[in-house]
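This briefing describes the fold of one protein chain for a reader new to protein structure. Please keep the sequence and the 3D view at hand while reading.

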Amino acid sequence: MVEQSHLSFSQFVLLWDLLDMHWKYCPEQTKMDHCGLKEILYKIHNSANKLLHSALVLFTDLTAGILGHLLFRQHFHCLISVLVLFGPVLSLWVSKYSIFGNKNHYLYRVFLHSCWGWTCILCGSFVFLLSYCISNSLVHSVRHLSRLAVTGTLWTLFRRLLSFLVDASGSCFEPLQSSTDVCRNPGELLDSDTGPLLLLREEKGKAACLRAGLQWQGCEVSDEILILSLCCLILVEEIAVFGPCMALGKPPGAPLRILFMLCVLLMSLWIFLILCLLAHFPQFPSQLVGGALGYLGWKGLYKSWYVLKPGWCCLGRPRGLHSDITSKTAVNACKGNKK
């Protein structure tokens, strides 16, 4: 066995020396070999690019067809409403040891706390690029993009109003006894069902109360469910026009398709986070009110204000891109007839 291994190694060294001599004394053949290798790698690269592009086109066309369907657009808000209404029931089956039961999880820290920022970046890039590819006008692109600016202003007003209502309707309390003292002296409690006695403190607002290590009691509204549901509804409204615009205009390029798929993935992530919050951190009244406010914000903007005729006081709805394509086609046809 050792001789056979030694012989094989010797044959390998001899073969390597022959190849080295061949490359040294036949530079033209070596150059041809290198050119052939480059050609093979170039063909593999082109084939891989064509395969990835075909897969991207297939997935974007399929997803755009689903999102652009009339039934999906008209009933997507019903799906969000059902999730918010019946989502807390999932808490009966989820495990308390799940990784999503920890508020310090990566998804909560990176995406949930900056939900509106992620939506503005991806959805805004998609809306701007799509409108500019259709109209070739910076003014039209900014007009369509300003819908997100108005929604961001509405979200800021919502947060300030909710913070004011929570501070006005709640109170700050200080526990008279710690949990260890209560266990040692249970007779000091007025009622075993109410827990430790609380002392009312005069703190300015919920944030100051919690920073002081005290307890806040009062009505609250889940701003997390509010912004998540609002972002889902806005994403559907803004990206659902991609399919009809593709059918009327020229085929979009790869960057626009990639942005579209990123928006779809972001919307799926928001739906998943809604389910996680409802299942692992159920707060039924406040989460229901938050979802209702998100629905009212979307209804007031996209179903009441933006459906009006575009003008200085109305930004127009996302499906107004169809009219841009139609008008552009008509202008090109008139130019062709004049020529």
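The protein chain has 13 helices and three strands in this predicted model. Buried residues make up 35% of its 339 residues.

**Describing helix pairs**

- Two packed helices are described by two values: the angle between their axes and the distance between those axes.

**Helices H5 and H9**

- Helix H5 covers residues 115-135 and helix H9 covers residues 223-239; the two pack at an angle of about 5 degrees, with their axes 11 Å apart.
- Because angles under 35 degrees count as roughly parallel, H5 and H9 are described as roughly parallel to each other.
- On the H5 side, the contact is made by Cys115, Trp116, Thr119, Cys123, Phe126 and Val127.
- On the H9 side, the residues involved are Ile227, Leu228, Cys231, Ile234, Leu235, Glu238 and Ile239.
- Sorted by class, this contact of H5 with H9 has eleven nonpolar residues, one polar residue and one charged residue.

**The loop between H5 and H6**

- Asn136 is found in the loop that lies between H5 and H6.
- Although Asn136 is not a glycine, it has a positive phi of about 55 degrees.

**Helices H6 and H12**

- Helix H6 (residues 138-169) packs with helix H12 (residues 284-305) at an angle of about 145 degrees, and their axes are 11 Å apart.
- The crossing of H6 and H12 is right-handed.
- From H6, the residues Arg147, Leu148, Val150, Thr151, Leu154, Phe158 and Leu162 take part in the contact.
- They meet Leu293, Gly297, Leu301, Tyr302 and Trp305 in H12.
- By class, the contact of H6 with H12 has nine nonpolar residues, two polar residues and one charged residue.

- Ser222 lies in the loop between strand S3, residues 215-217, and H9.
- Is Ser222 buried or exposed? Its relative accessibility is 8%, and because buried means under 20%, Ser222 counts as buried.
- A polar atom of the Ser222 side chain lies 3.3 Å from the backbone nitrogen of Ile225.
- Leaving aside residues up to four places away in sequence, Ser222 touches Ser286, Gln287 and Gly290.

Notes:
Residues are numbered from 1 along each chain as its sequence is written. This is a predicted model: local features need pLDDT of at least 70, side-chain atom pairs count only at pLDDT 80 or more; totals for chains, interfaces and linings use all residues. Side-chain values use heavy atoms; hydrogens and water are left out. Axes are lines fitted to C-alpha atoms, for helices over the stretch in contact, and angles run from 0 to 180 degrees between N-to-C directions. Helices (H or I, at least four residues) and strands (E, at least two) are DSSP runs, numbered from the N terminus. A crossing is left-handed if the near helix is turned anticlockwise from the far one by less than a right angle, and right-handed if clockwise. Contact means heavy atoms within 4.5 Å. Ala, Val, Leu, Ile, Met, Phe, Trp, Tyr, Cys and Pro count as nonpolar, Asp, Glu, Lys and Arg as charged, and the others, Gly among them, as polar. Angles under 35 degrees count as roughly parallel, over 145 as roughly antiparallel, 65 to 115 as roughly perpendicular and the rest as oblique. Buried means under 20% relative accessible area, exposed over 50%, partly exposed in between (1.4 Å probe, protein chains only). A polar contact is a pair of N or O atoms within 3.5 Å; within protein, one must be able to donate a hydrogen and the other to accept it, and residues adjacent in sequence count only if both atoms are side-chain atoms.
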